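Please look through the structure below before reading on. The paragraphs after it go from single residues to the whole chain.

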Amino acid sequence: FTSLVLALSSSVTRLYGKTLNKFKVLAILLVFISFDLPVQKERFTLTVKAEQLRNSKGVVQFTLYNREGSIPDEEFKAFYKKQNTEVSNGRSSTTFKDLPKGRYAINILHDENKNGKIDKKFILPVEGIGFSNFTNIGLTNRPNFSKASIELNSDTTVVVKVIYK
């Protein structure tokens, strides 16, 4: 950095015949640098935890949604980001990094047989599922984006209850 300041000072002296002190050169340099810097958007991390899983089989699929109408998504086609993690001692967690500020909904699937889909018996899931802001799911309490979404405006940790039928 010092060599950059000295080089700039030398260039100014050659161009204008004036010698500037280090502080003036530094001020000029900072002004030019500030015009060239891109505006940094706010980016955050979202850590999602699944606890009290009924066993340590399979993986937990953490699916993140960022728009209205994207859930329910039983085929996992409308998601924003998706990550699978191993289960250990009936727990699993993941961190979504570099997320822009906004609203997000979380869906969790305890995929015990690692097939990437919600296995059902009749119409009920046989593996655990969960959504942010939901402690139970039923015919009168079906998840949608607006009910399941959270506002992300800082680094956040969310625990999602996994529900087994």
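**A walk through the chain**

Asn 89 counts as exposed, because its relative accessibility is 72% and the cut-off for exposed is over 50%. This residue belongs to a predicted model, as does everything described here. Asn 89 sits in the loop between β3 and β4. Its phi is positive, about 55 degrees, although Asn 89 is not a glycine. Most residues other than glycine have a negative phi, and most peptide bonds are trans.

Phe 122 is located in the loop between β6 (120-121) and β7 (124-125). With a relative accessible area of 82%, Phe 122 is exposed, because the cut-off for that word is over 50%.

The peptide bond between Ile 71 and Pro 72 is cis, with omega at about 5 degrees. Pro 72 is part of the loop between β2 and β3 (81-86).

Is Thr 85 buried or exposed? Thr 85 has a relative accessible area of 15%, so it is buried, the limit being under 20%. Thr 85 lies in strand β3. Leaving aside neighbours within four places in sequence, Thr 85 is in contact with Val 59, Val 60, Phe 62, Ser 92, Ser 93 and Thr 94. Thr 85 and His 110 are 25 residues apart in sequence, and their C-alpha atoms are 9.9 Å apart in space.

Now consider the chain as a whole. The protein chain holds 3 helices and 10 strands. Along the sequence, they follow the pattern α-α-β-β-β-β-β-β-β-β-α-β-β. Of the contacts in the chain with a separation of 6 or more, 67% are between residues 24 or more positions apart. The chain has 165 residues, and 38% of them are buried. It exposes about 10,600 Å², of which carbon and sulfur atoms supply 54%.

The next topic is the interior. In soluble globular proteins, nonpolar side chains tend to be buried together. The largest nonpolar core here has 19 residues, and the members that touch the most other members are Leu 46, Val 48, Ile 106 and Ile 108. At least two residues of this core come from each of β1 (43-51), β2 (59-65), β4 (92-100), β5 (102-111), β9 (149-152) and β10 (156-161). The largest share, 4 residues, is supplied by β1. Another core, of 13 residues, lies apart from this one; among its members are Tyr 65, Ile 71, Leu 109 and Phe 131.

Which residues does Ile 106 touch? Not counting residues up to four places away in sequence, they include Leu 46, Val 48, Leu 64, Ile 150, Val 158 and Val 160. Thr 63, Gly 130, Phe 131, Ser 132 and Ala 148 are also touched by Ile 106.

Rolling a probe the size of a water molecule over the atoms shows where empty space is left. The largest pocket has a volume of about 470 Å³. It is lined by 18 residues, and those closest to its centre are Glu 74, Pro 125, Ile 129, Ile 137 and Arg 142. The elements giving two or more residues to this lining are β7 and β8 (129-131). By type, the lining divides into 11 nonpolar, 2 polar and 5 charged residues.

Note on methods. Residues are numbered from 1 along each chain as its sequence is written. This is a predicted model: local features need pLDDT of at least 70, side-chain atom pairs count only at pLDDT 80 or more; totals for chains, interfaces and linings use all residues. Side-chain values use heavy atoms; hydrogens and water are left out. A nonpolar core is a set of buried Ala, Val, Leu, Ile, Met, Phe, Trp, Tyr and Cys residues joined through side-chain atoms within 4.5 Å. Buried means under 20% relative accessible area, exposed over 50%, partly exposed in between (1.4 Å probe, protein chains only). Contact means heavy atoms within 4.5 Å. Accessible areas come from the Shrake-Rupley method with a 1.4 Å probe; for residues, only the protein chains shown count as cover. On a 1 Å grid over the protein atoms alone, a cavity is a set of points where a 1.4 Å probe fits but cannot get out, and a pocket is an open set with protein on both sides within 12 Å along at least five of seven lines; lining residues have an atom within 4 Å of a point. Grid points are joined across faces, edges and corners, and a volume is the space filled by probe spheres set on the points. Ala, Val, Leu, Ile, Met, Phe, Trp, Tyr, Cys and Pro count as nonpolar, Asp, Glu, Lys and Arg as charged, and the others, Gly among them, as polar.
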